[in-house]
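Subject: Structure handover

Hello,

Here is the structure we talked about, with the sequence alongside. Please open it first and then read the notes below.

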Amino acid sequence: MAGGSSGAAAAALAAARAGAKVAIVAPRPYLGDDMAGTLRLWLEEGEQPDTDLARKVFAAIPEKMRGAPFTYKADRPSGAIHKDTAPPSLLCDGNWEDPARHSVQYEENVTIELDLGKVIPVRGVEAVVFKGRDYAVARMTVVASADGKSWRPCGKASVEDNTLRVPITGEARYLRCLFEKPANMKRMLLGEIIVDADSGPPKNIAGRFAYPLQVKRVLDQTLAEAGVEIWYSCYATDLITDADGKPAGIVMDNRAGRQAILAKVVIDATPNARLAQAAGASVSEFRAGPQNVSWTVIATNGPGAKARKLPVGFVGVLQTKRDFAVDAAKTAWFEYSLKLELPDPSWAARARIEQAVRDATYNGSQLYSPETAFLIFPQNVLSGVPGMLVLAEQARPLAAMRDGEQLGSVAAEQARKAGVGTGLRVAVPAAVSPSRGRIMEPLAPLRPVENPKHVTQPERDLPVLGEYEVVVVGGGTAGAPAGIGAARRGARTLVIEYAGGLGGVGTIGGIAGYYCGNRVGFTETVPASPTEVRMEWYRRELRKAGADIWFGCSGVGAVVDGHRVKGVVVATPYGRGMVLAPVVVDATGNADIAIAAGAKYIFIEEDYALQNSHVPLRTPGRSYVNGDIPATDDADPLHVRMLMRSKLARHAHGFDLGTVIASRERRRIVGDFTLDWLDAMNQRTFPDTIVLASSDYDSHGYQIHPYFLLTMPERRTKFWANIPYRCILPQGLDGILVVGLAMSAHRDVMPITRMQPDQHNLGYAAGVAAAMAVQANVTPRAVDVKALQRHLIEIGNLKESVLTDRDSYPLPPERVRAAVANVVHEYKDAEVLLAMPQMARPLLQAAYQKASGMNKIMYAHVLAAMGDPTGVPTLLEALRDNKIPVARSSRANGGRCGMIRAIGLTRDRRAVPLLLELAKSKEARGDFQLRRSLALTLGRIGDPSAIPVLVDMLGATDGNSPTIADLLTACALYRCGDAEGKAARWLQNCARQSDGTMARLAQQTLSGKKR
Ligand SMILES: Cc1cc2nc3c(=O)[nH]c(=O)nc-3n(C[C@H](O)[C@H](O)[C@H](O)COP(=O)(O)OP(=O)(O)OC[C@H]3O[C@@H](n4cnc5c(N)ncnc54)[C@H](O)[C@@H]3O)c2cc1C
């Protein structure tokens, strides 16, 4: 099933219910794009859902997640920063998205007692909790009672995806939930407690419409239950045929590359029926001219006669700190009906309509806009081809689902009768353009497959969809400003964005608001919120400067000539092609294009330390919804599906789900220069600084830089980092600049450089540099950086001093000598020593020899963090005697675990007996940080004597439901020799799981060196 509309979903469902094995390939990260993506979610008068699926889609929207109502009390007062109300209510108010606003703080273990009002059957208790630098919850233990006197134990749970769940059987009126704080954390932030029980039928707040999230959730769950394999964020781009030319499958393109799905029957629900056309179906003439275009928004101050007010009630927030001031009485859904010219069947022409709609309708009071306008492609498929069915677009979803259902049954019937073809190959369209370079796209399977099959693709070129001077891929936090910078500087610019609006994490990603960052120059002109205002600002600025924008498209590859990137491969809703430009700005935040072009990159390192992600619930009027879920590989379709599915299920009552995954850590290129954490600590200057970034240390994960094995900055200390131009130039590639989270930097400095104000300014600078390169006819590497700096000074981004700045490294010897003396005072100046290891090492070794007591331990620790084993015996003694130096900060790093991990950097085998003793201790089983440190260190040392203990630590787990602690243990076991192959089996299982970050580390470990 190629396409993700409601009709396509109905077809897939019907085929699966008729016994076929079905896969559906949807370009959006959800199904039902003709409804949820266009906000065409209402039933017209006289329309009645007449299929099973339609009835489900338009069923009552659950008002809240299945929770039963309750009151509660706690056995201790809530903490100062996040106090509960009196009487307590925040843990059952239906809000748990934002730790800043929706949490209750406890500094010690706390028991919350719930009263359900009467004895009812209960299925379980779920708690949503938050995890951050100094807050986390270790465990929840639940006991239940019918009378409040005799209690029965129900079980314990630890945190998974911010949630703890204890299943319960039987009835209860009272539930006591004991929340325990990990020893190394200061506090716990609880978000919500949900009692899973029958609380009566959900109240119908829908009437005759659905929320976008309702559509997405119902389609996902119904199809998944029927066994349909759903592929999100994948474009069906090519047809596969057998030796007789009969359809035999499709090729899908996504951010991870290009894969084949084989099938006996293909249903083509793409707007322009491109697969059917490739199969030889004849089509009617394209009807050029004005087309009916529908555009639905939620807005206050209705636009008058130009739009129809829809029979849909207002849903949204009325006003919070960063949100719109909403007058609920005036707020409504409006449908604009426009006639707009579509001169030809090209994607570029369709993309122009998308901008024209927004130009014509935006009125400043818009609270929520769709991903795309609704428009039926004006061309019909005339004749059928065996094995190929075409699902035409329909103006109304009920009709689409009806058609889909019928076609799905036909497809299943045809599949039953069809045989399996041989001689499979990708059908190549007749029209090819002259060669422009090599097309580079990843072609590996998404997960390891034994004996993978391959389908032949005859050599061919791709259609050229556009030619520009600068093409920016990703119109997010850094990308939209990059487009503005390039276009304002006079370059013919195109911005390609996957979402239906600009701004990335800072708009659709739920974070329309600044936190820290150096708000100067260009950034000062960007409205921080509300979401719609910010999105429109970017769009208008691009339009004013003459740039083109393509929404709903994914950059999936690169056009490369030698080492020179000359364009990008793009998957659009109308098909795949290339866009050529002498300079590409990769602003995907994940280096999608640079990596496809062959750039070296770093993502998951052996420490498996990754910043958390977030997928926001979106509500009209609300602009800022922060959150933390485990790290995501957001270019991996399997991970995206897992994430979207869990969010849809968890937030059944929500309005919509963001289409941008707000991940804090992604793939980073290896650039001409890699900014280091120590560069920020040491205030390093450069001759080619283009941004001065600033933030406190806002980390949502662990650190791995050796500095953090010694100490940790206080959370609120403000840091500054100069970002040199070389950080956005990928090593070995020309014609491409990489901005956003994918710039070349050590992951531990990213908390300082990743804030939106700084990423705006970085993107803007890259855009200007791209235009300068085009205009001077040089590669970006040869741009006159001083001229770029002068421009950035003029607009207030930088200070004059950058013009004369030099590299301030190496640091003067007297600073290093002073640091050797200072470092024994809570690791003061460790940043100087680690930055200058050549100079510092002999001085530290000498100081270590002379020192005694705690000073000796600290010198040994610093040396170990540099990989120098001189002081390992001292460290082992200190660990045995529990003599742990005090660091400047009480935060989680450093201390005992920091010492253990520093020993790992020395790879000194003398440490193994003590490490094994610790690993066998009861403490190591319960203390995640300790277990993690031991596993990492034992893995680094790689001594086979650790095998039995590591096997024991891994216990009965098999990698099919991996946890981080087990993953690190399995990696360590593998590196130590894995005598019986347990780790290899474990890692092979893990490498097939949906969690793309864990799967990657497993795969990397398996392909790395075993002892
Ligand atoms: C949960 C969270 C909370 C945060 N809180 C704050 C805060 O309060 N204040 C603050 O200043 N900073 C905050 N940050 C940091 C900041 O928002 C991010 O670091 C920054 O937005 C990242 O910018 P980017 O341009 O790299 O990525 P993005 O903003 O994600 O932009 C990337 C864009 O590229 C698009 N894209 C990706 N791949 C492709 C492709 N192949 N083809 C086409 N399009 C593609 C995406 O759809 C997206 O629009 C937060 C970050 C997160 C994740």
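How far does a polar side-chain atom of Asp592 lie from a nitrogen atom of the ligand? The distance is 2.8 Å. Keep in mind that this is a predicted model, and that every value here is computed from it.

The ligand

There are 37 residues around the ligand, and the closest are Thr477, Glu497, Gly555, Tyr624 and Arg754. Tyr624 has an N or O atom in its side chain that is 2.6 Å from an oxygen atom of the ligand. Ala478 uses its backbone instead: an N or O atom there lies 3.0 Å from a ligand oxygen atom. On its own the ligand has 990 Å² of accessible area, and the protein covers 98% of that. Two or more residues of the shell come from each of these elements: β24 (493-497), β26 (554-561), β34 (662-663) and α14.

The nonpolar cores

Helix α14 (residues 756-776) turns up again in the largest nonpolar core. That core has 152 residues, and those with the most contacts inside it are Leu675, Trp677, Tyr725, Leu833 and Leu967. The largest share, 11 residues, comes from α14. Leaving out residues up to four places away in sequence, Leu833 touches Val816, Ala819, Val820, Val823, Ala840, Leu844, Val862 and Met866. Another core, of 52 residues, lies apart from this one, and its members include Ala15, Val218, Leu407 and Ala415.

In α4, 11 of the 14 residues are buried, so the helix is largely enclosed by the rest of the structure. The length of α4 (residues 212-225) can be checked: at 1.5 Å a residue, the helix should span 20 Å, and its end C-alpha atoms are 20 Å apart, which agrees. After α4 comes Gly227, with a positive phi near 85 degrees.

Helix α22 (residues 912-920) has Val912, Leu914, Leu915, Leu916, Leu918 and Ala919 buried. The cover over these residues includes α20 (872-880), α21 (895-906), α23 (922-926), α24 (928-941) and α25 (947-954).

Arg539 sits in helix α9 (residues 531-544). Is Arg539 buried or exposed? Its relative accessible area is 2%, and a residue under 20% counts as buried, so Arg539 is buried. Not counting residues up to four places away in sequence, Arg539 touches Gln355, Arg358, Asp359, Leu502, Ile549 and Phe551.

Gln259 is in strand β13 (residues 257-262). Gln259 is buried as well, with a relative accessible area of 10%. Its side chain makes a polar contact of 2.8 Å with the side chain of Asn254. Beyond four places in sequence, Gln259 touches Ile250, Val251, Met252, Asn254, Ala444 and Leu446.

Tyr859 belongs to helix α19 (residues 853-865), and is buried at a relative accessible area of 7%. Tyr859 and Val824 are 35 residues apart in sequence, but their C-alpha atoms are 7.2 Å apart in space. Val824 is also one of the contacts of Tyr859, along with Val820, Ala821, Val823, Leu844, Ala847, Tyr848 and Ala851, when neighbours within four places in sequence are left aside.

Regards

Note on methods: Residues numbered from 1 in each chain as written. Predicted model: local features only at pLDDT ≥ 70, side-chain atom pairs only at ≥ 80, totals over all residues. Heavy atoms only, no water. Helix = DSSP H or I, 4+ residues; strand = E, 2+ residues; numbered from the N terminus. Expected span 1.5 Å × (residues − 1). Buried < 20%, exposed > 50% of the residue type's maximum accessible area, 1.4 Å probe, protein only. Core = buried A, V, L, I, M, F, W, Y, C linked by side-chain atoms within 4.5 Å. Contact = heavy atoms within 4.5 Å. Near = heavy atom within 4 Å. Polar contact = N/O pair within 3.5 Å; in protein donor to acceptor, adjacent residues only side chain to side chain. Areas by Shrake-Rupley, 256 points an atom, 1.4 Å probe, with all protein chains shown as cover.
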